[in-house]
Amino acid sequence: MNGFNFHRAYSIARKEVMHILRDPFTLTLALGLPVMLVTFFGYAIDYEVRNIRLAVSDRDNGPAARRLKEVFSSSGYFRLVEPGPAGPVEMLDSGRAAAAVFIEPDFSKKIKGGGQAQAQFVLDGSDNSKAAAITGYLPGIQRAAQAKLAAQTIKEPFSAETRFLYNPELNSRWFIVPGLAAIIIGLLAILLTALNVAREWENGSMELLLSTPVRPLEIITGKLAPYGALVLAGVFFVYLVSRLVFGVPFEGSHLLYLAACLLFVTAALSQGLLISVITRQQQVAMQFSMITGLLPSMLLSGFIFPVESMPAFFQYLTMLLPPRWFMAAARGITLKGADLAELAVPFLALGLLSAGMLALAIKKFKTDLE
Amino acid sequence: MNAAPAVEVKDLSIKFGDFTAVDKVSFSVNRGEIFGFLGANGAGKTTTIRMLTGLLLPSSGSALVGGLGFGDGGRGIKKIVGYMSQKFTLYNDLTVGENLDFAAGLRKLDPAYAKKRRKELFELIAFNKPLSSKVAALPGGIKQELALAAAMLHDPEIVFLDEPTSGVAPASRARFWALIRRITGLGKTVIVTTHYMDEAEQCGRIALMRTGRLIALGSPEELKASAFPGPMAEIDFNGAGSAAFIAGLEKAPGLLELSPHGMRWHAAFAAKAAMDAALAGLPPAASAALIKPSLEDVFIRLVEGAER
């Protein structure tokens, strides 16, 4: 029984709620961050590259060349620009075009004669993500052009067809928005807890708490529960927006998703507590939280950059980070409808990491009081 | 009334690593007494109080606070004493009522009982503002009194106050000390640390601490008598050159203590004959008067003198 008293933990939790309600910074952060993230990642960031400025050097001016240009412009990805006197390469140099296509003088004639006509495609490789996206469009363009230009359909020995499961339109919002929960938990839960408990050390009120018969575990429970609830509210907000505004599907079990959130929230709150016990100052706690909370969630969780394409060292490092496993679980549940058996590894890892983090935080908190 | 002392301390020591913060301190505090700890910063006053409130466990020695020891890690002591820490008083962003409710919740007080206590304590500290007042808006002295009320909500027999009036205006300090006397008037024991001499004068007994040791213990009068068995003179040079005379006085036989107090000097001697001999050569413009030593003189002699 260990003497844990719910009443005392509740008193602390109630006090925390009053602190939260009266602290403009906490409230703004807790409510503002989810709104900001959703707006930013939902609207501003689009991984599909559109309106690519394509400089065309048409030395053929024949009917086939015209049709080829039509294919480019009707794809929706490209906007054709006249190279002007300087020429397409100059356009690339000056950044006025991201790609150029050179159509050889006898293009139409060769096609009409059933020969092999050439068109050269030149890309600005300095922005590699853009270039990669553009290269991705080319096979489709080529197929469309061939169908349009060839007199009869070319018989291919086999045709490779790609079908995307789970996110058939490769809508980047579907991919990104479910991952926002990781950022919200990873940043908010850590930061708010660390700041709050550090403040209690800083102004000396921890001493007052400890001079009463309250137990460390009651302090921890009372302090963490309200912030956990606050952060889960933020996650719920993102869930609503992603379903209602962006139409992101939710294929899996809501209960499983909640379980993943709770595990990750526990890990994050514990991390925040640990930071506050170590730093004991709000300023330092803030910096620690940003570095150990935001950065892993943003960069090392697979939120934007796939874990698989990281250097080996970072791949192993991410295994120690709860956000990576939460990200895998969250995306698996929302987009693929994966069940617990399929997500055994992320859940196991998340469970172990959050239990470990909690145990470490409690131990450090207790020993520091003595 | 129970005759057992409120607090009984024997050879209490605490070490932090190699540093001995409190070194074999022994004393006992009677019920209903105002017991003061006087000493410079770092003398071990706060550390002693933190042990006696169950916040720190001693490295060696024993203490009985309200009859309880440290066998349970200090939990029993925490239940029966009241403690007001030096740094923190109340949460500024909460109201008076919320702060007191929180204090009551931490001690699991029955709401009806807490309400009754709140009323009694408001009367005691003459608090007449609404419960919904934000603490941040209250003057420092009132805040301090409310903090004391919060520490006494569970009606403890022994109340520990760690520099309760630091940073409070002089008028509010006097008010606070009147409050302390009212509390001991109710039969409670108050143990208080201070570095204000005028506050120490108001204690029943004072424990003088220096570098972790208890160097003197007694009522203000007893401390003065033991530190200065002979007479003390206050010398006013009235603008006359004093350097030469002081230099000579420092070597005078029978001189116990010589210290500057603003424009004047206090000189204590072992006996009246020694004083008369030493002051015989006083410059004509200067005057000397026999005075009673103050606690500040005691402090200078016992604490600072030992460091010279």
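Two strands are taken to pair if DSSP finds at least two bridges between them, and the strands themselves (E, at least two residues), like the helices (H or I, at least four residues), are DSSP runs numbered from the N terminus. This is a predicted model, in which local features need pLDDT of at least 70 and side-chain atom pairs count only at pLDDT 80 or more, while totals for chains, interfaces and linings use all residues. Residues are numbered from 1 along each chain as its sequence is written, and chains are lettered from A and ligands numbered from 1 in the order in which they are written.

Elsewhere in chain B, an open sheet of three strands has the order 2-1-4, with antiparallel pairing. Strand 2 (19-29) and strand 4 (60-65) of chain B each have a single partner strand, so they stand at the edges and one side of each is left without a neighbour in the sheet. The twist from one strand to the next averages 20 degrees, where axes are lines fitted to C-alpha atoms (for helices over the stretch in contact) and angles run from 0 to 180 degrees between N-to-C directions. Five bridges join strand 1 (residues 7-16) of chain B to strand 4 of chain B, with B:Val7 opposite B:Val65.

Chain A is divided into domain 1 (6-45 + 171-369) and domain 2 (52-149), with bounds that come from an automatic or database domain assignment; the centres of these two domains, taken over C-alpha atoms, are separated by 48 Å.

Where the chains meet, the contact takes 20 residues from chain A and 18 residues from chain B, two residues being in contact if their C-beta atoms, placed from the backbone, lie within 7 Å. On the side of chain A, the elements that give two or more residues are helix 1 (6-22) and helix 9 (205-210), and helix 1 of chain A contributes the largest share, seven residues.

As for confidence, the predictor gives the complex an ipTM of 0.82 and a pTM of 0.80. Chain B averages a pLDDT of 91, and 98% of its residues score at least 70, pLDDT being the predictor's confidence in each residue, from 0 to 100.
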